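Open your viewer, show the chain as a cartoon, and let's go step by step.

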Amino acid sequence: MGFQLVQILYWLALSTWFGGVMFIAVAAPVIFRTIRERKPVLPDVLSVNLDGQHGTLLAGTIVGNLLERLALIELVCAAVLLLMMIGQLFVIDLTGSNAKAAILRAVLFFLAAGLVAYDRWAVWPRIIETRQQYIDHADEPEVANPAREVFDREHHKSVQLLAGVLFALLGIILFSGAITPKRAAAPLVPPSLTSP
């Protein structure tokens with residue numbers, strides 16, 4: 001029963017995390033393309049220098065809000081997954097290549113969690129700051145253009161980090177396919193009393 005419970009929670013956390021990241025990876029380009037095609041005008045962003053950028057700003061806001069929600073889901077999934085990986089140590093077979101697979105899963109987990117943490121607490125604050133600086137100073141190209149360059153660079157870095165998380169989670173999935181329960185110890189059979 002312990003093995004089944006650990007595995008259910010393990011797969012639930014892993015699949016939810018992977019599915020959330022995959023959704024963002026697929027949805028973000030579609031959102032940007034769809035909104036740019038509609039060429040919206042944001043009434044609260046009136047700068048002439050941002051002409052043609054309103055769609056990008058709106059799509060960025062939508063994707064940014066989705067990523068904010070994803071970050072919370074990722075934290076919960078990572079916490080549950082870590083606990084279940086610890087729980088697996090007590091209920092899964094760790095003999096032979098299974099031990100190597102468990103170590104590899106742990107390394108990939110910490111890689112994914114580290115990439116998420118770096119993206120959320122180091123890259124995203126710079127993205128938000130430079131985006132706002134770009135909007136606030138759109139009529140001042142000497143301020144807006146460098147802010148836009150930093151924003152584009154940090155946004156590209158964030159996309160690469162998201163791809164890294166996706167591949168690390170995919171690796172965990174691939175190396176989780178052969179998880180088996182711990183084998184029950186063979187009962188000790190006393191030597192036969194009739195044997196010479």
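Helices are DSSP runs of H or I with at least four residues, strands are runs of E with at least two, and both are numbered from the N terminus. This is a predicted model, where local features need pLDDT of at least 70, side-chain atom pairs count only at pLDDT 80 or more, and totals for chains, interfaces and linings use all residues. Residues are numbered from 1 along each chain as its sequence is written, and side-chain values use heavy atoms, leaving out hydrogens and water.

**The whole chain.** You will find 4 helices and 0 strands.

**Select Gln88.** This residue sits in helix 2, which spans residues 54-91. Is Gln88 buried or exposed? Its relative accessibility is 2%, so Gln88 counts as buried (buried is under 20% relative accessible area, exposed over 50%, partly exposed in between, with a 1.4 Å probe and protein chains only).

Beyond residues within four places in sequence, Gln88 is in contact (heavy atoms within 4.5 Å) with Val6, Gln7, Tyr10, Arg105 and Ile179.

**Now select Ile86.** Ile86 also belongs to helix 2, but with a relative accessible area of 42% Ile86 is partly exposed.

**Zoom out to the chain again.** Of its 196 residues, 37% are buried. Among contacts between residues at least 6 apart in sequence, 82% join residues at least 24 apart.
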